[in-house]
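Open the model in your viewer and keep the selection panel at hand. The stops below say what to select and what is there.

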2 protein chains.
Amino acid sequence: MALFDDIKKEAAETKIASRILAKCSTEIKNRALLAMADQLEAQSEFLSLENAKDLEGGKKKGLSGPLLERLTLTPKRIAAMADGLRQVAALPDPVGEILGIKRLPNGLQVGQMRGPIGVIGIIYESRPNVTADVAGLCIKSGNGVVLRGGSEAIHSNTAIAEILNQAGDAAGLPPCVVNLIKTTDRQAIYELLKMEDSIDLIIPRGGEGLIRTVVEHSRIPVMKHDKGICHTFVDASADIEMAEAICVNAKVQRPSTCNAMETLLVHKEIASVFLPRFAKRLQDAGGEIRACEKTMAILQGNMDAISPATEDDWKTEYLDLTLAVKVLPSLDEAITHITRYGSGHSEAIITNDHSHVTRFLNEVDAAAVFINSSTRFSDGFELGLGAEMGISTSRIHARGPMGLTALTCKKFIILGDGQIRN
Amino acid sequence: MALFDDIKKEAAETKIASRILAKCSTEIKNRALLAMADQLEAQSEFLSLENAKDLEGGKKKGLSGPLLERLTLTPKRIAAMADGLRQVAALPDPVGEILGIKRLPNGLQVGQMRGPIGVIGIIYESRPNVTADVAGLCIKSGNGVVLRGGSEAIHSNTAIAEILNQAGDAAGLPPCVVNLIKTTDRQAIYELLKMEDSIDLIIPRGGEGLIRTVVEHSRIPVMKHDKGICHTFVDASADIEMAEAICVNAKVQRPSTCNAMETLLVHKEIASVFLPRFAKRLQDAGGEIRACEKTMAILQGNMDAISPATEDDWKTEYLDLTLAVKVLPSLDEAITHITRYGSGHSEAIITNDHSHVTRFLNEVDAAAVFINSSTRFSDGFELGLGAEMGISTSRIHARGPMGLTALTCKKFIILGDGQIRN
């Protein structure tokens, strides 16, 4: 109990610090970010030693190879963390931006001004670089941050947070702006989710179980960061070469990501020409297909790694080179399939039919809707935001890749010269 | 239990209906809104009869005069409801608006498109006109709506919802788009707050108790609509006449509203000139002052209805002609007072000092910040939004007066011609 009192007290300190940070100049924030970057690199050896403790613990606990790999901090990864902070320093400060001031008939000038949200709570798993990435984005946008990483990375996360805080303090940031929860007790998550007086927004980054727990128990608004069951629909009028290049890219370039294609939908009029070409490319890349009946018939003899799809395949985020494939008679059926099975993440159509472009844009309800391009672009950097806090699958506040402005809120500002209301 | 199963089933139907509504043309939505307005007026007599049942029930339950007054549907109020719907019909449709498409170096064109949030849940008290007002805003923005009004207005609300649904059905809206919860069992609120699969956003409109309950129990994102402890700071450089006119307006014009001034802060250099003038006007209007020591000293002999302020006065939303008054030595202390006691609703400064304008805009953390104007303008209509769903005191999604766009979300749209990721 006393333990959680400490967490509560520290979160309240971060709230107070966030009010000071909200007024910090861009110069101080940038200086702090650059100092943090330098210190992460300068203390690379210390970080590796602390990381080794986590890796040893992980091996003892029997973590899988991929998990241990994600947990590892190599000098290259430490340099990448530092570079991430430098990139954030180079971005424009979103705080103080004034939007759309308009003059009303009574002379009042009404607009909005961006400011920090306050304190952001991040609950995440595994990769320790997240600690530096999200702290950097929060600081630049003027927000305090309460970090709750996974127990498997506690030594690495603690070391990173220590370095960030030392560098931040020296550069003139208020103390406690970056607040890493030190206890690995799972109960601490539930306590955090009740601290609506100190934390203004919760962002869970992790598996489905974590997200469900957070949504169910949080009194604080939550920005979800859900799985991606992404579709690409190859329409009858698609350019075959373009469709082939985009579909291969969406599936093969990095299949373990949430914006990779998981289900390919193909119009029946183009299926017998398109599918054999595409299947060969997928097979060459080591891929495997779960096929609807029509796909099975078309690809018979063309592909070895193919098996009939079950209902479950349409709902699965494989995160590897397995792909579900379905042949459909129309755009309508493609949109119906996406509405039913999609996770609202990223959806694409390859077509040359203008009315189909319009309908796909208007009717597909997802965080990102792509025309004639790869869903792999569903990413803050790739879409020009300059940074990424994650990809929101929530419908309010921010949807899709979240950059710095997604960590701000807008207040109304009203400039008058004596106006009173009648 | 079976009762709540019904509510769950109906909310799921509203979710399905909302997907159809999302694709409805502006023309159909407007036609439905105008038909609803006409029907409310045509069935004015039926509404009055149903309303009489609520009023009778209210009298038996011993509701206060002001509550009974708020509950009453006069022909004039019915006409005002109808006019509200017609005004919403006349507003531009926010659905389908495309924002800021930019071309990236690789040729991708990236922007955002507005669409409905999905289903909005409104939990409200007392005034039955809210039923028509919020239903109209939700329909225009393409959202389904689940309405949970107070038990004291159940007959009036049911009658209004019936009329809206009949008119909507006839105009071609999908059925169940407007879904009024018929049970007055309080437990129904808790059940609603768990229906995250059917409801996308909850907006509570009511007292502090209701809002606290909703925030504590909701698995669904909540837009708060909190009390207004609004300040006006009369700075040393203020134009005395302007300050007097604005402060009288902010307090007296309609003191029962959340955007009325509750605490007046006055710079010590102007206090002895400004306060006696203002106090006279307030006294003439029947007002009363809770004064800090300095204010007491200045107004001694000038005003009868004055008494020393206690700590509680700085925290009180009077909602009538009582005003707390404090004399302060600086802008810094004014901002500190506002940060400590303000509810983040609407705050104003009267000044001619440009650096104070800049600081007030940047440093005061509220939904609406006013320069040289009355906080009474903190309202969707007055600030040019054309409509108002309420005034959000939340920090995410929408802050301040909520118009139609606050009921939408923005998806990314990406227009390519074959781009793949490297």
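**Stop 1: a strand pair across the chains**

Select S373(A) and Q419(B): within β16(B), Q419(B) is the bridge partner of S373(A). This is a predicted model, in which local features need pLDDT of at least 70 and side-chain atom pairs count only at pLDDT 80 or more, while totals for chains, interfaces and linings use all residues. Residues are numbered from 1 along each chain as its sequence is written, and chains are lettered from A and ligands numbered from 1 in the order in which they are written.

Now extend the selection to β13 of chain A, residues 368-373, and to β16(B). The two strands pair in the parallel sense over five bridges. Two strands pair if DSSP finds at least two bridges between them. Helices (H or I, at least four residues) and strands (E, at least two) are DSSP runs, numbered from the N terminus.

**Stop 2: the interface**

Colour by chain. In chain B, 58 residues are in contact with 58 residues of chain A. Contact requires C-beta atoms, placed from the backbone, to lie within 7 Å. Elements of chain B that each supply at least two residues to this side include β2 (109-116), α10 (240-252) and α14 (354-363). β16(B) gives the most, with eleven residues. By class, the side of chain B that touches chain A divides into 27 nonpolar, 15 polar and 16 charged residues. Here Ala, Val, Leu, Ile, Met, Phe, Trp, Tyr, Cys and Pro count as nonpolar, Asp, Glu, Lys and Arg as charged, and the others, Gly among them, as polar.

**Stop 3: the axis**

Superpose chain B on chain A. A rotation of 180° with 0.0 Å of shift along its axis does it, at RMSD 0.0 Å. The two copies are thus related as by a two-fold rotation axis. Which residue of chain B comes closest to the rotation axis? Select H397(B): its C-alpha is at 1.8 Å. The same surface serves both copies, as 100% of the contact residues of chain B recur in chain A.

Switch to H397(A). It sits in the loop between β14 (390-392) and β15 (400-402) of chain A. H397(A) is buried, with 22 other C-beta atoms within 10 Å. A residue is buried if 20 or more other C-beta atoms lie within 10 Å of its own, exposed if 12 or fewer, and partly exposed in between, with C-beta atoms placed from the backbone.

**Stop 4: helix α3(B)**

Select residues 44-61 of chain B. This helix has 18 residues and reaches 25 Å from its first C-alpha to its last, close to the 26 Å expected at 1.5 Å a residue. The expected span is 1.5 Å times one less than the number of residues. Show L47(B), E50(B), N51(B), D54(B) and L55(B), the buried residues of α3(B). They cover an arc of only 150° around the axis, which puts them on the same side of α3(B). The arc is that of the directions from the helix axis to the C-beta atoms. Turned away from the buried side are exposed residues, among them E45(B) and K60(B).

**Stop 5: strand β11(A)**

Finish at residues 322-328 of chain A. Six of the seven residues of β11(A) are buried, so this strand is largely enclosed by the rest of the structure. β8 of chain A (residues 261-267) pairs with β11(A) in the parallel sense over five bridges.

Key:
Copies are superposed by least squares on the C-alpha atoms of residues with pLDDT of at least 70 in both. Two residues are in contact if their C-beta atoms, placed from the backbone, lie within 7 Å.
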